[in-house]
Amino acid sequence: MSSGRDGWSEAPCRRCAWTVPVTRAGMCAPCLLAVRLGEDDPWAWGELHDQALAPGRPRQLALDIDGVALPEARPVRMPQAKSGRRAAIPSWLRARIPEPVQDDPRICPPQVPGQLGLFPTPARQFARTHAARIGDRNIPGFEAVSDQLQQMADERRVRARTMWIWRLEGFARLALAARDPDQHQVAAEALKDLLYNGPILGQALDRAGLLAPPPPRRVVPPRGTGPTRQGGQRDPELRGQCAHCLAWANDRRVLCVPCTNWCYEIRKRGGNEAECDRCHRTLMLSGGMCRMCRIVVAETEVDTAQIAMKNGDQLWFAHPHAAGLAVGRLLPGTAALQGRFALKRRRVRARAKSARRLSEHLLDPAQLALFPAPPRDWTRLDTTRPPALSTAAAGLVTDFTTYMRARGWNTDSFSGSIRTLRIVTGHLGTDVPIQESDIRALASIRVNLQGARVINYLRLRGLLEAQPPSDPCITRARHHAATISEPAFSAAVHTFIDVLLGQGGTPSRARSPKTVENYVAAILGTLEAWIADGLTDPREISKKHIEDALDPLRGDQARRLHSSLRSLFRALKREHLVFRDPARRISLTSSRSVPAALPSDRIAGLLDQLDDPRDRLMVALVAIYALLPSQLVHLQRTDLDRSKGRLRLRRAGRMDHLIYLDAFTLRLATTWELQRHRRWPDSSNPHLFVTRNTAVDDSGPPISAGVVQKPFKWIGLPAGVLRVDRIYDEARHSADPVRLMELFGLSNLSATRYVLSAHPDRKNDPIAP
C-alpha cells in the first residue's frame with residue numbers, strides 16, 4: 001500500500017494510532033478492512049458504535065497480495081459467529097462502551113397539540129440512522145403499520161425478511177413521528193422525504209388507513225411560486241401567505257384553499273376580476289368586495305371581540321381556522337355568511353334578547369278606565385325589537401305552539417301567528433283580555449303578521465275581548481250610503497238600513513244582511529240621478545219621479561228597483577222623515593216565469609262528473625230533496641241523524657222540516673263524514689260542510705256561497721234550476737200540493753203554483769179529486 005493513492009494521506013490512524021497513509025475517514029487500510037468485514041465480531045461491533053476506544057487494540061491481520069485490491073482481501077481468521085445472530089459482547093467490553101441513545105429530541109421532536117407553525121416545513125431527507133435515534137418513543141399507529149409490513153413480506157416472499165422489515169419499520173417510525181400534532185394520517189407529499197423507501201411504505205400506510213388522500217389538483221399550485229417582489233423575484237419572507245386574503249397558511253401555495261375555491265366559484269358564475277370597492281385591489285369580487293374585505297366587514301359588523309382597527313385590518317390564520325364565506329351578494333341585514341359569523345350573530349341576538357326589559361305599557365287589571373280610549377296606532381311600532389316577555393306571556397306563547405302542533409298544523413307555516421302573539425303579549429301582557437281590534441290592526445301593518453289564529457286561540461283561553469260582529473253585507477251597504485253626494489239622501493239611506501235591521505223607532509222584523517245590501521245597491525243609481533237633477537231632500541220626491549225612473553226598465557231590473565223604492569219610502573214614512581209615501585200607489589205589471597222541467601239527458605250522470613264526496617252530497621241534496629243553497633251553507637252536523645236516516649232543516653220563524661234520506665244519499669253522507677274525520681280529526685266546526693279553511697277555524701264559520709255554487713258550475717246546471725226541476729217532476733207525478741209541502745217544505749202558494757204549472761188543465765180547481 002503506497003501513499004500516492006487518490007484520497008490517501010500520511011496521518012495518524014484514529015483506530016490504531018499509527019502514522020500511515022489513511023483514507024478520508026481517518027483510518028488505515030487494515031483498520032478499514034477490519035471494520036468492513038467484521039460486523040459480526042464483537043471487536044468490530046464496538047468499532048461501529050463507538051470510534052473513541054483506546055488505541056492499541058488487537059486487530060485481525062490481512063493478506064496483501066500483489067495485484068489484489070484492498071476490498072477483495074480476506075483476513076486469516078474469519079468470524080465464527082452464527083449466521084443471522086450477533087455474538088455476545090464480553091462484559092468487560094460492554095462496560096467500556098457507553099449506552100446507546102434512547103431518544104434523541106432533535107429527530108422529529110414532539111409538537112404541542114393545537115399549536116400552528118409560522119413557517120412551512122422544509123424539504124427533508126431521512127436516513128436509517130435517524131430511525132435508530134428515535135429510541136423507544138411511543139408513536140401512535142406504528143403497530144398497525146408493522147402488521148401490514150409483516151403481511152407484505154409474506155405476500156412478496158422476501159428472502160431477507162428480517163432485514164427488510166427492520167429497515168422499513170425504521171422509516172415508518174420516521175414518517176409517523178413527522179406528522180403534525182393534530183394530524184392522524186401521513187401526508188402523501190411527506191413520503192418524498194423517505195428517499196427510495198417512500199412507495200413501499202406508502203402502500204403499507206394506505207393499507208393501515210394512515211395515508212392521507214392527495215389534495216385536488218385544481219387547488220394545488222406548483223411549488224416554488226407565490227408572491228414576488230417588484231423586481232419579479234420571489235420573496236422568501238412572503239412564503240406561506242395567501243396573496244388574496246393575506247392569511248398565513250404555512251404552506252407553499254400562492255393562494256389558500258378557500259381563496260382558490262372562491263375564485264373558481266365566481267368564474268363558474270361568469271364573474272371576472274375587478275377593482276374592490278374597499279381595498280381597491282383587482283381581484284375576484286362578489287357583491288363589490290373581495291373575499292378579504294367581506295370577511296373583515298362580517299367580522300367587525302358585530303364587534304363582540306373588539307377587533308375593529310382604525311388604520312388597518314385584522315389578519316388571521318388560514319386552514320383549518322379559515323372563515324366560511326358564501327359566494328353571493330352581500331346585502332345589509334342578510335346572513336350570506338356561515339361558520340363563526342352566523343354563530344356571532346346568534347350570540348348577539350341572544351345577548352340582546354336577554355338584555356331586553358319588560359314593556360312599560362303592560363295592562364293592569366286593577367286600573368279602571370276613566371273614558372273610552374281611542375284605537376291604538378300600531379303603524380309606528382318597531383316590530384324588529386319587541387320587549388321581553390313576562391313569565392305568563394312566555395308560557396302562553398309556548399302553549400300556543402303546542403296547541404298548533406296538536407292540531408296537526410305546520411308551525412313553520414304559521415310563524416306569523418306566533419310573531420303576532422309575541423308582539424301583542426310583550427307590549428300589553430296577559431293579565432287583561434286583549435282587544436280583538438288590536439290584533440287585527442297589528443296584523444294589517446305587516447305582511448309577515450297573521451291574526452286570525454291568534455284571535456281563535458285567545459278566544460278559547462278566555463283572553464280575548466271580542467269586538468262587535470260586523471257583517472260584510474251591512475258594511476258594504478253602509479259604505480254605499482256614505483258615498484252619496486247629498487247629505488240629506490245619505491242620512492235617509494242610513495235610516496233605511498236601520499229600519500231594515502229592526503233598529504228603527506218602531507220595532508220590526510230584521511231583514512237578512514244580503515237583502516239590505518241588495519236594496520241599497522238597487523236605489524243608489526236612482527238617488528244619484530235625482531241629485532244630479534237638482535233634488536236635495538227625499539221630501540221633494542214625487543210619484544212622477546218614481547214613474548220616470550221605472551219607465552225605461554223591464555223585467556227583473558224594474559221589479560228590483562220598484563221593491564227597493566217602496567221599502568225605502570215606507571221606512572222613511574215610519575220614521576217621520578217624509579210627509580207622504582210617493583211609491584205607495586205605484587204598481588208594476590210584470591211577468592212571472594213558469595216552472596219547467598229539464599231534459600232527461602242533462603240530468604243523467606250528474607254525480608259521475610264529480611269526485612269530491614262533499615260536492616257529490618251537496619248536488620244529491622239539491623237534485624233529490626230540492627234544498628236551497630243557503631240551507632246547505634247552514635246545515636249542522638247534529639242535523640244529520642244517520643242511524644234514523646233523517647236530516648233536519650232549521651227555518652227561522654217556522655217549524656223545522658224533516659227529510660227522510662234514502663240509502664244512496666246516506667252512503668254519500670257516510671263517505672263525506674269519513675273523509676272529513678280523516679283530514680281534520682280535531683275540527684270543532686259544527687257545520688256539516690266545511691273547507692280546509694273553515695275546518696281549522698275555532699270560531700266555526702260556515703262555508704261561503706261560492707263553495708256551494710262551485711260543483712253546480714262544474715256540471716253546468718245552476719242549483720236553482722236543478723231544484724225547480726225536482727219539484728216540478730214531483731208535482732207532475734202527484735198533482736197534490738200537500739205532498740209538495742210535506743216533501744220539500746214549501747208554502748201553500750208555492751206548492752199550488754208548481755201543481756198548476758205541471759197540470760194546467762186543473763187551473764180552476766187544483767185540489768179537486
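**View 1. Packing of helix α15 against helix α17 in the predicted model.** Helix α15, which spans residues 472-482, packs with helix α17, residues 513-532, at an angle of about 20 degrees, and their axes lie 8 Å apart. Because angles under 35 degrees count as roughly parallel, α15 is described as roughly parallel to α17. The crossing in which α15 passes α17 is left-handed. On the α15 side, the contact is made by Cys-473, Ile-474, Arg-476, Ala-477 and His-480, while α17 contributes Pro-513, Lys-514, Val-516, Glu-517, Val-520 and Leu-524. By residue class, this contact of α15 with α17 comprises seven nonpolar residues, one polar residue and three charged residues.

**View 2. Arg-157, a residue other than glycine with a positive phi.** Arg-157 is placed in the loop between α5 (142-156) and α6 (161-177), and its phi is near 55 degrees. Most residues other than glycine have a negative phi. The relative accessible area of Arg-157 is 75%, so this residue is classed as exposed, the cut-off for that class being over 50%.

**View 3. Ala-735, a residue other than glycine with a positive phi.** The loop between α25 (719-734) and α26 (737-744) holds Ala-735, for which phi takes a value near 60 degrees. Ala-735 has a relative accessibility of 16% and therefore counts as buried, since buried means under 20% relative accessible area.

Definitions and conventions: Residues numbered from 1 in each chain as written. Predicted model: local features only at pLDDT ≥ 70, side-chain atom pairs only at ≥ 80, totals over all residues. Heavy atoms only, no water. Axes fitted to C-alpha atoms, helices over the stretch in contact; angles between N-to-C directions. Helix = DSSP H or I, 4+ residues; strand = E, 2+ residues; numbered from the N terminus. Parallel < 35°, antiparallel > 145°, perpendicular 65-115°, else oblique. Left-handed = near helix turned anticlockwise from the far one by under 90°. Contact = heavy atoms within 4.5 Å. Nonpolar A, V, L, I, M, F, W, Y, C, P; charged D, E, K, R; others polar. Buried < 20%, exposed > 50% of the residue type's maximum accessible area, 1.4 Å probe, protein only.
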